[in-house]
Amino acid sequence: MKHTAHNAGYLLSGKAQMIMWFTSQLKILSLSGLAAVLLVGLAFAQAWPLMINIGQRDERFVQGFHEAEQANGAQIRWTTGESELHIPQLPTGASIVHMRIMNSYPAGQADPIFTLRSGERHLGSFPIPRTIVGMRHFALLVPGEQRASWATSVAINSTTFTPPGDPRPLGAMLDWVRITPTTQASVVAPLFILIAAFALGAGTTLFALLIGVRPFLALSIALLVVAAIALLAFLLPLDILPFIPRIASIPIIGCLAIWFAQALGIVQRSSNTIEGTQLPLLFAIAWWSLPVFQAVQILDGAFLGVGIETYILAGIALLALAFCLAIGYSRLRGVSVEQRRAQMPHYALGGAALGAFIHLWYALWYAFTRSGKDFWILFKGARDWVQTGALYDLQAVVTNHVGAVLKVPPFYAMLFVPFVFQDGLQILFFHRMLNVVLMLVTVVVWLRMFRSQPLWWGIAVATIVLNSRPLADTIAYGQIDLMLVFLLTCALWAMRNDRDGLAGALIALGALFKVYPIILLAFFVLKGRWRGVVGFALGMLVYNGVAIAIMGWETHRIYLFEVIPRIGGTTSWVENQTISGFMARFADVPFEAHVFGNRTISLVATAISGLLSLLACWLTLRPSQGRSTLFALQYTQYLLLMVLAVPAAWMHYETLLVFVYLIVLMHLREQQISLGKATLLALSFALINYGNQWSFNGTTIMGVLTIVGISYKFYGMLLLWFVLLGELRGSWLEAKVPTRIGLTQSQARTAQPG
């Protein structure tokens, strides 16, 4: 009984401490929340009247309309028999909806009749008279409503006419819609938007406080964030105001994730730090937080086609059940609260590894059941070469080299030649099996790099890190990224064992699959590892010599002088997550894979990428032992540059970053890490490894939020680069004792230089 009372007292003490801390921060949270309500409310009041130009990026506002077209010098859409207009959420008072409509039916045809409804409310019914002088203006009164949705939906039912030679049922032409409040005094934001604004301000402040930011700085950060969003809402009301609740959910989900990490006991509340061994668990928490944001996207009512896949929900349910069973079992055994708290991080890491394994198993099943579109480009190209002697379709390269076009080096295509007359599906299966084997072998090589560490921890870490959608996509598409991960991992192993020539030859082999590993030559030069440069040169001679002997010089000449000069530049296509791709999306459509033509933006992006590369080179000059994790971190910078600083790199290229995270976790394993830095690293992992281009959006552009949101993996890479920069900066490094891979810090202090 005494023991039970002691445990209850301990729990009560912990809860009391949490309540006391939250109460002490209540004033600052209330202040930030009320400031957010004021700023967002002012932005909402100043946004009206709102104008929706039909046909100009209006996909989120219209449903059931015909495609946009030009008529009478304006871009319009024809209504159908059942069209629907989504108007951004109206003020609490009544509003007048003005519409510019035209009936261009031929003489003798009955005028279309519009009947408008909003939910169960009948708004009006009227004919659209025929006119030859231009469009007419119509207006109707729409009462305000308190509904937690991003828009007020107005159904437009219309009689239609099908003209000769045009199979479309046509209602009338709609040019624009303008929404005006009846009185300026009635422009008050709906209650749910004001609640969301309060949650945005208070949630941002609370998240900053939870990760260790001082109260005044946390309040300042929150006010800056809210002020920026309010300013955007004033400038771009159609893009921002409807989605304030969605924006507010981001810091709230972050707070829940931090609270969960604290409940598991991986955060030391007294110092607000986390042990390096617990980082993978924080990675898993961040990863599983993103489906929660997907759920928010579904609930806000926007038509995006976003959905949480069933296996994700099943995984969450399974993990929750396993967690509850573990707690219940420990209670039945009479395990004390203190013991349970001490064991919780180990159980949680095992549970996270189990969840990652289940998802990884599903990802492999997914990968083996897809069409492998990139594989077929290579397979068909090699078969065409065998049959006709032509490997490259130069016309397709010139027309759109970022599309489904063969543009890889001849050496890569050569590997498919012996199999071109066999069953392609069988070859695709073996290609995928090879990728899986390479993935496992890469993990084994990594485990050997820290063989003195607990094996169970390394396996759990590898399982969590391999829970990567880019990795699954590279297997599904029939890509070669896992071969690159394997080669670049082995190159690091070779350098650690003073086999620089072998490392150079391995990197040369990687450069014949994808050109961008060639930037690792800079690493060899800056580190003075000239045998690596020689090994690279000899490897290129040998590999290309074999390729020339098999495929001929003419194929190589075409690749060098006709293909390579034509495949430069970037694209705004959603899968391109590089610096150049991010900037291109602000000036081009992100859902069309074509070459981006704005040279000014391309040059600016290239300059930024160049500066980032120069910074990496400068950080490489810092001295480091060949067998230290610092040396490995300097090396992994270049893997990050391969998918961040090049003009175009698809999402599945980020498979390379799996190895970067393994090295980062190895480097930080024995350190006490601030919760702020750990959170940034975990967030970067989640953004990079969860989902692909269709996980958080459809093909509908929901304004600037879509343009910004589809670059979420780019933000993950920026966060990863920021953490690497912090680890490698000179003043910090000089005070550190290099930790060898496979050695503890105490062992490293007494070890001889490698």
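At roughly what angle do the axes of helix H7 (residues 279-299) and helix H14 (residues 455-465) cross? In this predicted model, the two axes cross at roughly 25 degrees and come within 10 Å. At that angle, which is under 35 degrees, H7 is therefore roughly parallel to H14. The crossing of these two helices is left-handed. H7 contributes Pro-280, Phe-283 and Ala-284 to the contact, and H14 contributes Trp-457, Val-461 and Ile-464. By class, the residues of this contact of H7 with H14 are six nonpolar, no polar and no charged.

**Further helix pairs**

Two packed helices are described by the angle between their axes and the distance between the axes.

| Helix pair | Angle between axes | Distance between axes |
|---|---|---|
| H7 and H14 | roughly 25 degrees | within 10 Å |
| H2 and H4 | roughly 10 degrees | within 9 Å |
| H7 and H25 | about 50 degrees | 8 Å |

H7 also packs against helix H25 (residues 675-689), at an angle of about 50 degrees. That angle makes H7 oblique to H25, and H7 passes H25 in a right-handed crossing. On the H7 side the contact is formed by Leu-279, Leu-282, Phe-283, Ala-286, Trp-287 and Leu-290. On the H25 side, the residues include Ala-678, Leu-681, Phe-685 and Asn-689. The contact of H7 with H25 comprises 13 nonpolar, two polar and no charged residues.

The axes of H2 and helix H4 (residues 215-235) cross at roughly 10 degrees, which makes H2 roughly parallel to H4. Among the residues of H2 that meet H4 are Ile-28, Leu-31, Ala-36, Leu-39 and Gln-46. Their partners in H4 include Pro-215, Leu-219, Val-226 and Phe-234. The contact of H2 with H4 has 15 nonpolar, two polar and no charged residues.

**The chain as a whole**

The protein chain has 29 helices and 14 strands. Of its 754 residues, 54% count as buried. Among contacts in the chain with a separation of 6 or more, 77% join residues 24 or more positions apart.

**Nonpolar cores**

In soluble globular proteins, nonpolar side chains tend to be buried together. The largest nonpolar core here has 173 residues. Which of its residues touch the most other members? They are Ile-266, Phe-283, Trp-446, Phe-513, Tyr-635, Tyr-661 and Leu-681. Apart from this core lies another, of 55 residues, among them Ala-36, Phe-61, Trp-150 and Ile-247. Ala-36, a member of the core of 55 residues, is part of the contact of H2 with H4.

Tyr-635 illustrates the contacts within the model. Beyond its neighbours within four places in sequence, Tyr-635 contacts Leu-488, Ala-491, Leu-492, Met-495, Leu-520, Phe-523 and Phe-659.

**A buried tryptophan**

Trp-176 is located in strand E11 (residues 173-181). Is Trp-176 buried or exposed? Its relative accessibility is 11%, so Trp-176 counts as buried. Residues up to four places away in sequence aside, Trp-176 touches Met-51, Ile-52, Asn-53, Ile-54, His-98, Met-99, Arg-100 and His-137. The C-alpha atom of Trp-176 is separated by 7.9 Å from that of Ile-101, although the two residues are 75 residues apart along the chain.

**Backbone features in loops**

Most residues other than glycine have a negative phi, and most peptide bonds are trans.

The peptide bond from Trp-48 to Pro-49 is cis, with omega near 0 degrees. Pro-49 lies in the loop between helix H2 (26-46) and strand E1 (50-53).

Asn-272 has a positive phi, near 55 degrees. Asn-272 sits in the loop between strand E12 (267-268) and strand E13 (273-275), and at 16% relative accessibility it counts as buried.

Asp-498 has a positive phi of about 60 degrees. The loop that holds Asp-498 runs between helix H16 (481-496) and helix H17 (500-511). With a relative accessibility of 49%, Asp-498 counts as partly exposed.

Note on methods: Residues numbered from 1 in each chain as written. Predicted model: local features only at pLDDT ≥ 70, side-chain atom pairs only at ≥ 80, totals over all residues. Heavy atoms only, no water. Core = buried A, V, L, I, M, F, W, Y, C linked by side-chain atoms within 4.5 Å. Buried < 20%, exposed > 50% of the residue type's maximum accessible area, 1.4 Å probe, protein only. Contact = heavy atoms within 4.5 Å. Axes fitted to C-alpha atoms, helices over the stretch in contact; angles between N-to-C directions. Helix = DSSP H or I, 4+ residues; strand = E, 2+ residues; numbered from the N terminus. Parallel < 35°, antiparallel > 145°, perpendicular 65-115°, else oblique. Left-handed = near helix turned anticlockwise from the far one by under 90°. Nonpolar A, V, L, I, M, F, W, Y, C, P; charged D, E, K, R; others polar.
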